[in-house]
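User: I'd like to learn how to read sheets, hairpins and cores in a model. Could you walk me through it?

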Amino acid sequence: MKTKITMAVAAGLTAIATASAGVSPASASTTGEAVAAPAAGRAGFVAAPAARQTGVSAAAATEAHHGHDSIRYASIKGCSTKDGAPKPCGKWRLVMHDGMTRLLPDAQTTALDAKGKPAVYNAAPIAVSGNGRSVAYFTKSGRLAVRTLGGGVKLLAKDALPRVAQYDVTLKMSDDGAKLAAALGGDKPKATRLFDTATGRLLGTVPAEETPLGFSADGGELLASADGGESVTDLTAYSDTGERLLKATPPQVVSANGPQALSGDGRTVANVVRSRKPELVLWDMQTDQVTRKKIKLPAGDLMMVDWTGETQVTLHLQKGSTITIVQIDTETGAVRQRDRYAFLKDTFVFAACGG
Amino acid sequence: MRHTSVSAALLAAAVIGGLGIPPSAAQAQTGPPAARAAWIKSCAGKSDLNRPCGHWQLVLRDGRTTVLRDASPTTTDHRGHKVSEPGALALSGDGRTVVYERARDHRLVVRPVAGGPVRELPRSLVPKGCGNDDLTVYVSPSGDKVLVDCADDADRVPSQVLTLATGKVVQIPGRDTPEGFSADGDEVLAHRNPTDNTIAEVAYRLDGTSVVRTPPQVVANAATLALAADGQTVAVVVSGDPDRKKRPRLRTYDLRTGELSGGVDLALKPDETPYHVQWGADGKLTAYVQTDEVETTAVVREFTVDTETGAATQTDRFTISKNRYAHVLAGE
């Protein structure tokens, strides 16, 4: 059975979409994308922010990002239930760039509600860093954890997050995995918490009314969107400690074509017009200047946009169960395919590494 | 083009004269009856659905109600089959001219509200393949022009503007969706949806020239817009927000320069976002606030708005029966 599920994908901050009815994803993005579910008809897409650290040489960065032993995506299996609705089951699987699969045995599979009871049709949140080296998730004991390939696990404090339903939590990591944002949605959203993943320290918070879209390329800023009043959506750049740096009302071509991503310069927002005539749009939050470039894109719905270099934006496109990843040169508009894969057919929901 | 009120009155006189009404009938304010609105009754239909029924009623400025006996309560599709939705009907901004779908043959006709001969509009105003149920009709503020828009999925069928006095027809490209006439009726405000998911606003002069601009979000997302007599100044009504206790706001946007005013709060409650606004030829802005809950009496209030301060002075108030299926305001 093919099912259509609607996902809110906002440059990075992406909710886990499940095929279950009545539970809405945590993200409140204004830039939703309809995602045709793949084979099993129930896979959702969890995006992780991705961006390349500026100042790293291209070759080194590419290797660091997408070496054969880095994570391509995380996936959880969908099992059928008596009432016909699929539910997540088994352990989270990390599918590597070399095709190998590793299990994440300590990660929570089914999201728990605020009272700790399982919400069987919802997968617990997970996020993969853009470089594919780190993954953030809830452990089975309910702690937030960040696991780095070859580097062990950092458990965050027990009270790192207030008591909320796990399905209302959206996790986002910076490209290098050094920062973690936990957005707390639901009926009464709470301030987004920003963590240093090496120390587990809380760096700051971003107001609850702001929907985080993702970290900037170098992880130094967080881009967020909010209702700006007068029926307008504003974008705001926050520092990684939660300090408001820049706030502006984007032009229609930016607000109407999400998701949006912030460059390492902390002011240039990239987004893509996905139409018969695709375009890359760059908007300077400081000067309000817009630059548009015609680009050629492969088929598929646009899932993620990330800055992955000073002049490079990376897109994730999904068509059925196939993900195509392309890199756009922001100066020439040239598009190059970086990766293309079909995710596991039994996938209930998955989270790709970003750039 | 901006007319003085005198020349506007003369223009209206000439037009209505062309319809066989004595020119004296067109004198302002104290002249013949003008309609504030029109409405059609609701009856129980099959499978619990209500349907329009009875005759269209005109709510007159002097408090009386008249019946438009030959206006069709229901409409037809492109095959000529009956559709249980109200027949096309529109009133000029001054409330003196009504265009409607005639009951016996479903042709569009125009008539003075005060009574008098009915004039058939050319059949060609309704494009081939377009049902009456696809039509949106606008009458210019003074009643001298009629705009007919056919909602077609492909956005290919042009809208047509007929000047009643001359019979001249001007087309507006099908990709644009009309929103109404400018204050003096010399331009039509329309919007366009380019392929980049934005909304562009276009002002068409009836000489075929146009001004187009992609406005900021606040204009694109506005509750309602109105084009001034200069053909470039747009009144932008921003919805109030009862949850946040924000009043509706008014801004002006210049289609030629792209200049957006800082805006003012309207002296109305957060849930009183004007449903429709209209510039007068004198540069004043009139705003209509209405309640329109099913099976309750509709209350329509008319305000004169000070565009500099947002002050709103109520200039009229009337009600429409709770038994209505639909209603149309003058100039809407």
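Analyst: We'll go from the overall picture to strands, and then to the cores.

User: Before we start, what kind of model is this?

Analyst: It's a predicted model, in which local features need pLDDT of at least 70, side-chain atom pairs count only at pLDDT 80 or more, and totals for chains, interfaces and linings use all residues. Residues are numbered from 1 along each chain as its sequence is written, with chains lettered from A and ligands numbered from 1 in the order in which they are written.

User: How many helices and strands does chain A have?

Analyst: Helices (H or I, at least four residues) and strands (E, at least two) are DSSP runs, numbered from the N terminus. Chain A has two helices and 30 strands.

User: Which strands of chain B form an open sheet, and in what order?

Analyst: Strands of a sheet pair through backbone hydrogen bonds, either parallel or antiparallel. Here, two strands pair if DSSP finds at least two bridges between them. In chain B, four strands line up as β22-β23-β24-β25, with antiparallel pairing. The edges are β22 (276-279) and β25 (312-320) of chain B, each pairing on one side only.

User: What does one of those pairings look like residue by residue?

Analyst: Take β24 (residues 298-305) of chain B, which pairs with β25(B) in the antiparallel sense over eight bridges. Within that pairing, B:Val300 has B:Phe318 of β25(B) as its bridge partner.

User: Where can I see a hairpin?

Analyst: Look at β12(B) and β13(B), which form one with five residues between them. In the turn, B:Gly167 has a positive phi of about 80°.

User: Is β12(B) mostly covered or mostly open?

Analyst: A residue is buried if 20 or more other C-beta atoms lie within 10 Å of its own, exposed if 12 or fewer, and partly exposed in between; C-beta atoms are placed from the backbone. Four of the five residues in β12(B) are buried, so defined. In chain A, 54% of the 355 residues are buried.

User: And which residues touch the most others in the largest nonpolar core?

Analyst: In soluble globular proteins, nonpolar side chains tend to be buried together. A nonpolar core is a set of buried Ala, Val, Leu, Ile, Met, Phe, Trp, Tyr and Cys residues joined through C-beta atoms within 7 Å. The largest has 79 residues, and B:Ala35, B:Ala37, B:Val137, B:Val146 and B:Val236 touch the most other members. A second, separate core of 78 residues includes A:Ala74, A:Tyr137, A:Ala270 and A:Phe350.
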